[in-house]
Amino acid sequence: MLAVIGTVPEESFPLVEGETALEGERLSVAGQLCPVHRGTPALLAAAVVTAQTLGQPPPQGCLAGDIGLGDGSRRLYAYLEKELPLRQYQTLCFHYLQPDVDWHNRVMFAIEAMVRRPLLIADAGYMYVAKMSGQAGEYDLFTPDIGELAFLADEEAPHPFYTRGFILHEENLAPDLIRRAYEFDNAAKYLLVKGQTDYIACRQGILATVREPTVAALEPIGGTGDTVTGIAAALLAAGYDLAAAAVAAARANRLAGLLANPTPATQVAEIIHFIPRALTEVLAKPLLHDG
Amino acid sequence: MGWREIFKRRPAAAPAALEPTAMGAGILVFENTSEVIRAEKLLKEAGWPVRVMGPPPEIQKGCDLVIEFPLMEKLGVLRVLAAQKLAPLEVVPVNSPLLQPVSLFQTKDFGEYLMVRAANMKLTVHKASRRIVNVSGGGCPDVPYLAHALVGQTLETAPAPKDLGHTLCGYALQLAYEEMQRQCSP
């Protein structure tokens, strides 16, 4: 089973762990409702509809309210340190948490104490802290966008905010940045790089690229990167291998975007509705070819 | 401009011509990024030549910013902060170059819409109405919170991300917001 761990941008949202469901435009986690605007609720909503499409049980959510002060994140870290050794999740997907290296390392010890080690996915703040901890290689999948890939490729940057200009520059091609991220051991076993072209890569090189359909308006829409990660996580939990899950997620997210006919002002909730149709179409074709 | 205006622009206590590194730099370390942003605002308003930078590796913890200032001016700087009940956790001399915040911006024109990216944060505005239509990117928990506060507002009515944000992603969004305002200014 998949568990998604992250935060909700509401100070009063309690720490909850439990089953997820979509209720109209809102996400329910252990009975607590939150809107699906972007961030972890968008990731979870995409994972919920993906699991439904695959006939799988819905993911578990483990969330806390945090508006950036880090209080909710710290409560989550402490909860995970205590509870994870007692859980039997097959896949853990970490998302919007305040980066904190000490707490990250304590959670990693808790994962090592689990009866069976789950597949580990990290995106957003948790990917930042996973890299900063020097333990990126312990993760199975990172899902950076092109700016975050530059951060992974910069062995000195502790946060994307400090990525050095010569690495961040647009002329740097993603394949070079991927190579550099692996060279300095700052990438997970697999990378799904979200951009104009999506790259699926591992230490040995680029395994696949996804370019179609091209929907330029998706880039400015907050949450479209989160939905890719959510789809990939649900596919992994359903038994797809890493490369196939990443390719299918990249294709399905683009196709869902196309079906929504978006402008740069579209909100991600409008795109999530189209994920089941897009995924069904994508999974009907062979996955491991470029396109 | 008369001499009165010149004096008004530069408080007597703050030697604005000094660069932090010109006479030896120090850094102010705070409990969290919100305090750094508040201290930066106070010190800049008082005319001090301070810069927000990345901390040296030995004190990096996670989502960190520090303020670089001319070490010789330590007492005056601390006095300004103390007057607003803002005390740094530490004041540390700096011997090696600090990490520079990102200073590159990428702009993408979508016809009716304009997107500005600073580091990992993207801000998109409808050109004609100057309405913020989307915020994307980032990984710290204040990003969804800031997005909720900004989307739907115009560049005139939206709160500045630095007034609500608490993290480096929030600070990056502030830079994108300032760049967007610069590009959209008449």
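In this predicted model, 42 residues of chain B are in contact with 43 residues of chain A. On the side of chain B that touches chain A, β6, β7, β8, α4 (142-150) and α6 of chain B each contribute at least two residues. Helix α4(B) provides the largest share of that side, six residues.

Chain B itself has six helices and eight strands. Along the sequence they follow the pattern α-β-α-β-β-α-β-β-β-β-β-α-α-α. Chain B has 186 residues, of which 47% count as buried. Of the contacts in chain B between residues at least 6 apart in sequence, 63% join residues at least 24 apart.

Four of the strands of chain B make an open sheet, in the order β5-β6-β7-β8, with antiparallel pairing. Its edge strands are β5 (105-109) and β8 (131-137) of chain B, each of which pairs on one side only. From one strand to the next the twist averages 20°. Within this sheet, strand β7 (residues 121-126) of chain B is joined to β8(B) by six bridges, and the two run antiparallel. B:Val125, for instance, has B:Ile132 in β8(B) as its bridge partner. Helix α6 (residues 168-184) of chain B packs on the sheet and touches β5, β6 (113-118), β7 and β8 of chain B. The direction of α6(B) makes about 35° with that of β7(B).

One residue to look at here is B:Ala172. Apart from its neighbours within four places in sequence, B:Ala172 is in contact with B:Val102, B:Ala118, B:Ala119, B:Asn120 and B:Met121, and also with A:Phe161 of chain A. B:Ala172 is also among the residues with the most contacts inside the largest nonpolar core, a set of 158 residues. From chain B, the core draws at least three residues from each of domain 1 (3-94) and domain 2 (105-184). In soluble globular proteins, nonpolar side chains tend to be buried together.

Strand β9(A) pairs with strand β8 (residues 141-142) of chain A in the parallel sense, over two bridges. It also pairs with strand β10 (residues 198-202) of chain A, here in the antiparallel sense and over four bridges. A:Tyr190 takes part in both pairings: A:Leu141 stands opposite A:Tyr190, and in β10(A) the bridge partner of A:Tyr190 is A:Cys202. Four residues form the hairpin that joins β9(A) to β10(A).

At 1.5 Å a residue, the 16 residues of α1(A) should span 22 Å, and the end C-alpha atoms are 23 Å apart, which agrees. Just after the helix, A:Gly55 takes a positive phi of about 70°.

Conventions. Residues are numbered from 1 along each chain as its sequence is written. Chains are lettered from A and ligands numbered from 1 in the order in which they are written. This is a predicted model: local features need pLDDT of at least 70, side-chain atom pairs count only at pLDDT 80 or more; totals for chains, interfaces and linings use all residues. A nonpolar core is a set of buried Ala, Val, Leu, Ile, Met, Phe, Trp, Tyr and Cys residues joined through C-beta atoms within 7 Å. A residue is buried if 20 or more other C-beta atoms lie within 10 Å of its own, exposed if 12 or fewer, and partly exposed in between; C-beta atoms are placed from the backbone. Domain bounds come from an automatic or database domain assignment. Two residues are in contact if their C-beta atoms, placed from the backbone, lie within 7 Å. Two strands pair if DSSP finds at least two bridges between them. Axes are lines fitted to C-alpha atoms, for helices over the stretch in contact, and angles run from 0 to 180 degrees between N-to-C directions. The expected span of a helix is 1.5 Å times one less than its number of residues.
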